[in-house]
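These are my notebook entries on a set of look-ups in one structure.

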Amino acid sequence: MDVEAFIRRWSNLEGGAERANYAMFLTELCAVLEVEPPNPAGGDRAANDYVFERAVKPRLSEASTAPKRIDLYKKNAFILEAKQSRLPGKKNAIAGQASLFAEAEEAPARSTTVRGWDVMMQNARKQAEGYVFLLDADHPAPPFIITCDVGHCLELYADFTGTGRAYDQFPDRKGFRILLDDLRDPDTRALLVKVWTDPHSLDPTKESTRVTREIAKRLADVSKALEAEGKDPEHVAHFLMRCLFTMFAEDTGLLPNDSFKALLAKSVADPTHFPQRLKRLWQEMEHGEEFSHVIEARVRHFNGGLFKDTTVFELGRAEIGELLAAAKSNWTQVDPAIFGTLLEQALDKTERRKLGAHYTPRAYVQRLVEVTVMEPLRADWQAALTKAEDAKEAGKDADAIAKVRAFHDQLCTTRVLDPACGTGNFLYVALELMKKLEGDVLQTLIALGDRQSDLTLAGESIGRSNITVDPHQFLGLELNPRAAAIAELVIWIGYLQWHYRNHESHPAEPILRAFSNINFGKREGYDAVLTWDGYPVPGVVERDGKRVETYPNPRRPDWPVAEFIVGNPPFIGGKDLRSRLEPGYAEALWAAHKDMNDSADFVMYWWDRAAEILARKKSPLRRFGLVTTNSISQPFQRRVMERHMNGKSPVSLIFAIPDQPWTKATRDSAAVRISMTVAAPGVRDGVLLELVSEAGLNTDDPNLGFAAKIGHINSDLSVGIDVTAARSLAANEGLCSPGVKLHGAGFIVTPQVAEHLGLGRRPRLEHHLRPYRNGRDLMARSRGVMVIDLDGLASEEVRRDFPEVYQHLLSTVKPERDLNNEAYRRENWWLFGRRNTLMRGFTLSLSRFIATPETAKHRVFQFLDQTILPDNMLVAVGSDDAALLAVLSSHIHCIWALQLGGWLGVGNDPRYSKSRCFDPFPFPDPDEDLRIKLRALGEELDATRKLVLDEHPDLTLTGLYNLLEKVKTGAALTPVEEDAKQRGRVLILKELHEQIDALTARPMAGPPTSPTSRSSNAWWP
């Protein structure tokens, strides 16, 4: 259909039943756009992927059970709700209905005075957003919501996060409304074609990620060249930050168009005067200049501290050329959400090789910011909007404006704190989403007839022009001074980008302001979890003839006051704090945080502090959301959460993701696995998202699928029965233990080295050189190594009886032990770091014992010979009964272990914890007949696997169980896998496990309800 004919046919058409006109209007619009029209709706709702009147089921909580209907639906593209205008006073006006918004006689305009028909568009948007959550489970939240005023306009709202909770004006406040006359523009029609046919291509982050990476690469080349000349890296970093902001200022019109590019082009031809030209320009930007002889135009007053230092380095033609190429990029498309990370990598020579390869995708950050910050703010906005509508209906126009203004004031004073802000990606995403919401608010004020807002957006500085969401609200703490400086720059660039999307004019001068929002305005790093007298310089004292650092009067530092806390604190495991942090720092940290257990991960110190602030009486903090490692569900981390969740003023988890990838995966770096938790005060239910699929982890657009559960979220990040409440049973006490912890790689030797150390020559040495196995030995292929185990021997005995061993340990273990913080390990350097008398005791009288890797993809239990010494990442069980091995291998026990043990590491492998998985497990007490059957199956399972591995050196337990999982799901096997299945007897393994599962699923007597000793359980001798 010809676009002119379409516009003539539908322009100023008013009246007529909505149901009679919208389908024809949209069908003809499809013809204009040359896209396929909707399909006829069929009886099978699942097949109705692109239809009018798409049925959806109402929520169970709703009184009506009749299906609701979406006006026009296209799967993975949009939900469209159409409403036809019925203006007050016209023939189809609703009797007695007051206009929500101010009336005008002219035809509807894009963003100036908007009249009463907008009330119906507001309702259409709410209705469409509600339909998102009524879609079938296999229909994801579409990227677009469209509201249509038949014969007048379309309004576009987009949410590319896939959550369905963040639809905002697309592309921004100035361009989200498409009037009928706009269809004459080919670009507008092309935009709508993409909405219909390829909506995800309109995600602005796709192009901005590419542009941002290219710019960072060019800046990295310049940085590398300057560092090669011996320039100070910090000075180089700040020089390049000033350069890139100058490029941004030019692209946004803060500097005259092409003025900086002209300066760079002139300097490529004449590099000698480059420093003088640029230095003079930056001096003028610091203070403002009515006429600059450098760019021959007025220079605005920037201030803010960025241009206080105007150091410019001499550059060659090639380096200036790189700056010129970067300046030619479209800086309005730079994504600050990832730019800070890429810039930090570009400026740090140790990180430069990772440039663009290892960063957190924006969608991951936005998911946490949406729930933590935007969900409550949007709820506040809807409440304010409802009050404004009520006031308008009552004829109280001024009150309606006042209600919306009050929310705008609240929005513009809402503070967001990231207490480990890095380069500011969380803060920027929060700023962007709040600016988008502000655009919605300002549009409503204009619609209500607020003349001040209308003139302010149009560029006339009146009334409320200084009331806006700006960088002073986004607070950060960061230990790395350079990252803190980048964070401040990122927030300003992001703010200015959104200023121009919401406003027609430049911001008031000075353009940049010193808000002191990062590190309280200090131009240095800020430790968010520890301070001391004399910070940041540790004290130095002499102990045992050595100078050691101290942290006098350690205490928790101040945090800025904020309504929301969100961020990604550093990941260091509790067991690694001493080794990864400065000497003495861990002890000072523990002293400052007396309520924390010493084994908690580093990130939990941020979680604990945020929870403590949240629980305070009359605390302004409304929610906090933090990224942690996915070990947060492990016991030491749970204790931190439980203390606050069960406290006098409890906090609740209102959102959690137990496990998902975090940073982008690369060829040499796996995707880090993390958890997300969001907490709010009081006792509340929450939403738990469980990861069900993941793809594209090595791309800029990872695709994660989640299943939602609603209910009380427990401290182990589960919904439902709190299995973490299970307590250790006395019947299981003393029967399970991790293996030995060496604390010295020199204890491990090959059989060949063992011979050189005297094995076979020195009497009794065979008792102290034992086979040694770890998880990889069991699940892959054994290394065949041995371990020097001198438990029970004094150093003098070792030196006298086994001199070769003694000398070996002197050179390979003692130097490391001399530096150990623990006195026992320094003084007993020839012994393992932990004696592990429990495991030694329960294996002493056995010919074999059961073992499983603590962390492994598949939960496999097997027998090890008593002569083998397991390492600390194997869990040993003191029994030689194959019936017990069968019970441990059962589906029931493996599900129990998976739920209580959680996951660990970048491989996201399940973890088997002795204290959480074994000690509380209620082992059944089968009758003798059942026990005999289980024993036979356990023996056959263990023997079958060992025989297969002996016969086929290319097979491994991990490989066999990978195949077993594929066989269970019916997945197609490759010829290589089919061959391994046959040789590995995978079908026999499947049958053995099925028989074990069937037997252990029978009703059996459990252990005594209050076991008091090991003899209370028939499994244990």
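**Entry 1: Arg378.** I listed the contacts of Arg378 (heavy atoms within 4.5 Å). Leaving aside neighbours within four places in sequence, Arg378 is in contact with Arg165, Ala166, Asp168 and Glu370. With Asp168 I also found a side-chain to side-chain polar contact at 3.3 Å. For that term I took a pair of N or O atoms within 3.5 Å; within protein, one must be able to donate a hydrogen and the other to accept it, and residues adjacent in sequence count only if both atoms are side-chain atoms. Arg378 lies in helix H11, residues 362–393. Helices (H or I, at least four residues) and strands (E, at least two) are DSSP runs, numbered from the N terminus. Is Arg378 buried or exposed? I record Arg378 as buried, because its relative accessible area is 15%. The classes are buried under 20% relative accessible area, exposed over 50%, and partly exposed in between, with a 1.4 Å probe and protein chains only.

**Entry 2: provenance.** I note that this is a predicted model, in which local features need pLDDT of at least 70 and side-chain atom pairs count only at pLDDT 80 or more, while totals for chains, interfaces and linings use all residues. Residues are numbered from 1 along each chain as its sequence is written, and side-chain values use heavy atoms, with hydrogens and water left out.

**Entry 3: the chain as a whole.** I read off 33 helices and 29 strands for the protein chain. Of its 1021 residues, 54% are buried. Among contacts with a separation of 6 or more, 70% are accounted for by residues 24 or more positions apart.

**Entry 4: Val211.** Val211 is found in helix H5, residues 204–228. Val211 and Gln333 are 122 residues apart in sequence, yet their C-alpha atoms are 7.0 Å apart in space. Not counting residues up to four places away in sequence, Val211 touches Ser329, Asn330, Gln333 and Val334. I class Val211 as buried because its relative accessible area is 4%.

Entry 5: How many disulfides does a search of the whole structure find? It finds zero, taking a disulfide as a pair of cysteine sulfur atoms within 2.5 Å.

**Entry 6: salt bridges.** I counted 70 salt bridges, each a side-chain nitrogen of Lys or Arg within 4 Å of a carboxyl oxygen of Asp or Glu. Asp659 and Arg673 meet in one of them, at 2.9 Å, N to O. Asp659 lies in strand E16 (residues 651–661) and Arg673 in strand E17 (residues 673–681), so the pair ties together parts that are 14 residues apart in sequence. Both Asp659 and Arg673 are buried.

Arg911 and Glu854 meet at 3.6 Å, N to O. This pair links distant parts of the chain, 57 residues apart: Arg911 is in the loop between strand E29 (909–910) and helix H29 (914–918), and Glu854 is in the loop between strand E24 (848–853) and strand E25 (862–865). Arg911 counts as buried at 19% relative accessibility, and Glu854 counts as buried at 11%.

Asp576 and Lys575 form a salt bridge at 3.5 Å, N to O. Here Asp576 is partly exposed at 23%, whereas Lys575 is exposed at 69%. I also found a network of salt bridges linking Arg770, Asp789, Asp791, Arg835 and Arg840.

**Entry 7: aromatic rings.** My search of the whole structure gave 32 aromatic pairs. Rings of Phe, Tyr and Trp (its six-membered ring) pair if their centres lie within 6.5 Å; planes under 30 degrees apart count as stacked, over 60 as edge-to-face and the rest as tilted. Phe78 and Trp196 form a tilted pair, 4.7 Å centre to centre with 55° between the planes. The two lie 118 residues apart, Phe78 in strand E3 (residues 78–83) and Trp196 in helix H4 (residues 186–197). Phe78 counts as buried at 0% relative accessibility, and Trp196 is buried at 1%. Ring pairs also link Phe239, Phe245, Phe248, Trp282, Phe302, Phe307 and Phe313 into a cluster.

**Entry 8: charges over rings.** I required NZ of Lys or CZ of Arg within 6 Å of the ring centre and within 35 degrees of the ring normal. The charged end of Arg501 sits over the ring of Trp498, 4.5 Å from its centre. The charged end of Arg609 sits over the ring of Trp559, 5.2 Å from its centre.
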